[in-house]
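Dear colleague,

I am passing on to you the structure we spoke about, and I would ask you to open it beside this message and read the notes below with it in view.

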Protein chains: 6
Amino acid sequence: MGKARMRIKIPTAITGPLASVEDDTKQWLALASPGTEVQVVPVHAKGPETIESIYDAAFYGPSLLEEIKTAEEQGFDAVIVPCMADPGLHAGREIASIPVVGTAESSFLLAIALGHRFSELEPTREGLALTRQLLLMYEFEKFVASLRVLGLSVEEIRSGDKGAVKQAILREGRKAVEEDGADVIVLGCTFMAGIAEEASEQLGVPVIDPLAAAMGFAEMLVRLGLSHSKEAYMTPSPKKMT
Amino acid sequence: MGKARMRIKIPTAITGPLASVEDDTKQWLALASPGTEVQVVPVHAKGPETIESIYDAAFYGPSLLEEIKTAEEQGFDAVIVPCMADPGLHAGREIASIPVVGTAESSFLLAIALGHRFSELEPTREGLALTRQLLLMYEFEKFVASLRVLGLSVEEIRSGDKGAVKQAILREGRKAVEEDGADVIVLGCTFMAGIAEEASEQLGVPVIDPLAAAMGFAEMLVRLGLSHSKEAYMTPSPKKMT
Amino acid sequence: MGKARMRIKIPTAITGPLASVEDDTKQWLALASPGTEVQVVPVHAKGPETIESIYDAAFYGPSLLEEIKTAEEQGFDAVIVPCMADPGLHAGREIASIPVVGTAESSFLLAIALGHRFSELEPTREGLALTRQLLLMYEFEKFVASLRVLGLSVEEIRSGDKGAVKQAILREGRKAVEEDGADVIVLGCTFMAGIAEEASEQLGVPVIDPLAAAMGFAEMLVRLGLSHSKEAYMTPSPKKMT
Amino acid sequence: MGKARMRIKIPTAITGPLASVEDDTKQWLALASPGTEVQVVPVHAKGPETIESIYDAAFYGPSLLEEIKTAEEQGFDAVIVPCMADPGLHAGREIASIPVVGTAESSFLLAIALGHRFSELEPTREGLALTRQLLLMYEFEKFVASLRVLGLSVEEIRSGDKGAVKQAILREGRKAVEEDGADVIVLGCTFMAGIAEEASEQLGVPVIDPLAAAMGFAEMLVRLGLSHSKEAYMTPSPKKMT
Amino acid sequence: MGKARMRIKIPTAITGPLASVEDDTKQWLALASPGTEVQVVPVHAKGPETIESIYDAAFYGPSLLEEIKTAEEQGFDAVIVPCMADPGLHAGREIASIPVVGTAESSFLLAIALGHRFSELEPTREGLALTRQLLLMYEFEKFVASLRVLGLSVEEIRSGDKGAVKQAILREGRKAVEEDGADVIVLGCTFMAGIAEEASEQLGVPVIDPLAAAMGFAEMLVRLGLSHSKEAYMTPSPKKMT
Amino acid sequence: MGKARMRIKIPTAITGPLASVEDDTKQWLALASPGTEVQVVPVHAKGPETIESIYDAAFYGPSLLEEIKTAEEQGFDAVIVPCMADPGLHAGREIASIPVVGTAESSFLLAIALGHRFSELEPTREGLALTRQLLLMYEFEKFVASLRVLGLSVEEIRSGDKGAVKQAILREGRKAVEEDGADVIVLGCTFMAGIAEEASEQLGVPVIDPLAAAMGFAEMLVRLGLSHSKEAYMTPSPKKMT
């Protein structure tokens, strides 16, 4: 089996003025097991401050991939990509041998493990196409009850009134359960973390915190000594760079 | 979040003369994290000594469910059902609030997390219908490359020549990868445990040990403080017993 | 071709004080062709008096299988399992060479033969998971318009006010046709028998009585001299019993 | 319930010099229950003498529909369309209230009832597109193991050496079971009737005779007093004829 | 590549008193590129004046096929079948080497190219089964948001108040977008042509005019020098005619 | 309807020393209709010289999107993204109102229009994951017979021996038709252009040249006055750039 002590690299795509490496690190450590070290690494890329569309996500690919490429050499045991767009996830697995874990994919897998049909609560309508694309790529559409929209931008969720965010989550989460047949709820933005437990009690179904889900999968894979299949994510042949 | 120290109950369906609670306990502890306690509980049922068909599996339902029903009261944090037929898994979740984890379902989820298409290596042709039924019930057929048959009964795998078992696993595993397009292999019998690591090195793809997979999922769920959705697995209404 | 005169064994899972072998036999004979004999056999098992959940159904497996195993030797031409959980259906086919027919599977097949999308009317929400599991195992989900809940327990349907049962069937059946797009209705409880014809006239679509459906399939298979494929339902290898 | 005595109309699309109403009638009566009358009605249409392609089948629609339209008025209880192209089946149900049964659809339904995956043995490659279209229209593709080609035209099967036909059926049927995973075989031409029983014994799986399957379904529906849903097959509004 | 100048044959199934070859030709030329000639050919068949059901459509097969069969010899580069039932489309491709294009299939393909989920606006409920059958045959069900009914017969759409038709299209089109999640609308009757552009502006999503779609595909295929695969649409073997 | 004269922008992702804007322009003009202007625009990005993996493709997103964003203002009627990875296609549609057409998606759509099951011929195994991802995102997996590998890198196809490329295409194309059931072949690399016509004659099925397919779709959409749905590809809200 793999190891119980481990180091996890977390290249953070959101690098606006409000992001704080120190706060992020505390949040991740609170989710980790004893013996797990985390290193939050801000990604330097020119792009939109928050990621809500397929367009927004495209800007972070190259810089994120640079961080993933160097992770193993730096002694990390796993990488977590902390964004519900899972940017660069499959590309990253092509160039890494250690597990590269995404918050969206981990949340979906956990939802499938705990129930039959899940709903994701999206910040805005704009993000629906992005989530839809991930669900198709991962072949998880069958397990989806609905995608529901909160009507709050990622920026509003990050910096706005936490009470309003909670209200929106409970309102749409309840509709997902009662009208759409969801038996698990996935929070559709990494800035919704910390609300899952209370929402779960109120809604009567498991509510998945995407950061916790990603940490859970990353630790499990390292403990089991398993990583992504190189037959599924083949190593690119070396090519001249332009 | 949930707890790092935990107690897991493992009601063992196979209760023939060769089964040994002590040996089983050692094997499970070797897969567990520090801080995890396991209790292997032999299930008393009149039925076939090994489970290879849907018919064989039907005998263990009532006794297994009795053990699952009492687990929470006895202070356990999770239950693992250690048999690739996942007997009583969904029924057990209907009467338990703690996670009830199966070796087959956990192996499938882990395979889906690590690649695109997995193959399961079955002891005998007789077991194909059982695995097929599980894959349909869990809605995982789409992720399957093939089910391949080793041609060794569960009894032969348990008590026979370990070298022959390994040969069969490598032979059929290789065909699964090269001919069927599998990028992950699931070992289809809990008695194949201990061969996964070497098989993985030889085959060049992740090979899932079902005991390790179940322990990984059980521990992750307890750590995350999550359990199966009671909307998916509703509590049966109380009824008079005949 | 097979025979026109035939004997059908009907092991009845529900063995509470209200069950009556004599009444059951009359009901079945009214559905059978001239020349068909039926023998209703009460199954002795310790379990819940009615079957509404996956948990409830697990108790009847071993005893039902005993009755199925002996049926051919006793000179029967087919077995009908009379419960909408189809308990032991696939397991029973593994150990029998004569047709083993279930009320749920027969109703679904008949619904597929008569229209494009059917709805099943379930007694309670608790039963949804059980029916969902059958539809997945039989690969019939695609043909389902909806599962609708009457809000009446099996016990209430069996012993309660027949007028209230009829009202609920017409109310939910109408919604299934008008809101869910159902063009055939399946009655989701064997105790709803006898209402199908009137409901069909009122709703304007075929309404399937599960007892009649099972009798229809059992007689057709015996007449055609056909039985379930032993490649699909392989004979379990002999094993020592614990 | 419906009736045990019944009259079935069988409009026969193949009207070449070799077709014989008298022989056909005997063949159908041998498949029917006591109490069932059959009337074979030759359909007068200008078209190809045998039906192997979608093009061939198009010629018989209008004449067949005329026979289906008049059947109920003439006192028939059901219509059987005896051709593996099921020509006019859905159109016929739109203008009839009595059951309109096809040999292909009945064979597929029976195959689904008896196993998990069936193969149809086609006379020629030319017929594959036609069968493929039916399987898509009926939404039965999921249940198909393979379509295998005998390499004998419908004319050769009808008038040629019966021994050669049997050899081809056994050869391709065996490949279907051993290589394609079929557990039921459907004979893909109504002129293969009479070989099913022997083929079944040789191949070890059920072999469906399409004429027997259609007779079985027609009789079952009449006995159960059920017909196709008018919500699925709506009555066309009256229109001026050109 | 193929040619820029081309001749397209358009055998028109609707031959009632109101049809006008001259008007039809003008309408088609307005949709064609410079350099494209069209020839509208009335099809002589005894059948219902408009096509709304599977039954109605069956009458036009043989006559349409006659026109398709002769098209290539007459020097045409492509055939368009101008009816939302796509009558004879696949049969026609079996006997033609030039492209045979249908208004329904072309509209669906264009809708799939422009969005994720389309809705078709049907004249009447009667037509739903016909469109459903096409979507299954073409394997396009997955791309459908809904089929919505205008409640106007084909005859009313052809000869009635254009304002009422437009109102119905906008009303149901809006519901398709807002309630059913459609992002493209297909007009479900060739007599709705000419409304697409305005409807598109009002609804905010592409609205497909089926005549324009068919002309677009026919011209593209001729320009690219491509035609339908003879492996998918095999040439029928020659047979004696009855 | 839209216009017959049009201007198409073609931002070329491959910017290695061997690429030639002049040659590319000639090649595109040969595929275009009279009246169509093309402008090939080299994309400046730091990345691998050829695109064969998901990793390789990630580098071109941001620069390509810049070119797509400015296209409409510059007076273009459509954009073609000329790479079988369709890089930035969905992201580009979010920020453009004119059609943004990809070579892979256009080839797939054309293949679906011409047959039932297509095979794509991939340069190397490395590229399989990329094509698989596109087919899932576009929901076209159902239409795929196989992905076959030529064993030639993109660089070898671009600069190597044309005879060897043709041999490999004919060899794998034949296997796709004869062993995998393909009835249409898609050439899986834009540098294979110019071989399609000969390959089609040799293989007896349509062979799709991806450049021709993209030009065909781009011209058709402009002519029809249609563009991608803004409900499917929503405009991203304005955000601060980091």
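Before the helices are described, one term is needed: the axis of a helix is a line fitted to its C-alpha atoms, over the stretch in contact, and the angle between two axes runs from 0 to 180 degrees between N-to-C directions. Please keep in mind that this is a predicted model.

With that in hand, consider helix α10 (residues 210–224) of chain E and helix α10 (residues 210–224) of chain F, whose axes come within 10 Å and cross at roughly 145 degrees. The crossing of α10(E) and α10(F) is right-handed. On the chain E side, the residues that meet the partner helix are A212(E), G216(E), M220(E), R223(E) and L224(E), and on the chain F side they are A212(F), G216(F), M220(F), R223(F) and L224(F). Sorted by class, this contact of α10(E) with α10(F) holds 6 nonpolar, 2 polar and 2 charged residues.

Turning to another pair of chains, 31 residues of chain D are in contact with 31 residues of chain C. On the side of chain D that touches chain C, the elements giving two or more residues are α5 (103–114) and α10 (210–224) of chain D, and α10(D) gives the most, with 6 residues. That side of chain D has 18 nonpolar, 7 polar and 6 charged residues.

Finally, there is the relation between copies. Chain D is superposed on chain E by a rotation of 180 degrees with 0.0 Å of shift along its axis, at an RMSD of 0.0 Å, and that is the relation of a two-fold axis. Because 100% of the interface residues of chain D are also interface residues in chain E, the copies meet through the same surface.

With best wishes

Technical notes. Residues numbered from 1 in each chain as written. Chains lettered and ligands numbered in written order. Predicted model: local features only at pLDDT ≥ 70, side-chain atom pairs only at ≥ 80, totals over all residues. Least-squares fit on C-alpha atoms with pLDDT ≥ 70 in both. Contact = placed C-beta atoms within 7 Å. Helix = DSSP H or I, 4+ residues; strand = E, 2+ residues; numbered from the N terminus. Nonpolar A, V, L, I, M, F, W, Y, C, P; charged D, E, K, R; others polar. Left-handed = near helix turned anticlockwise from the far one by under 90°.
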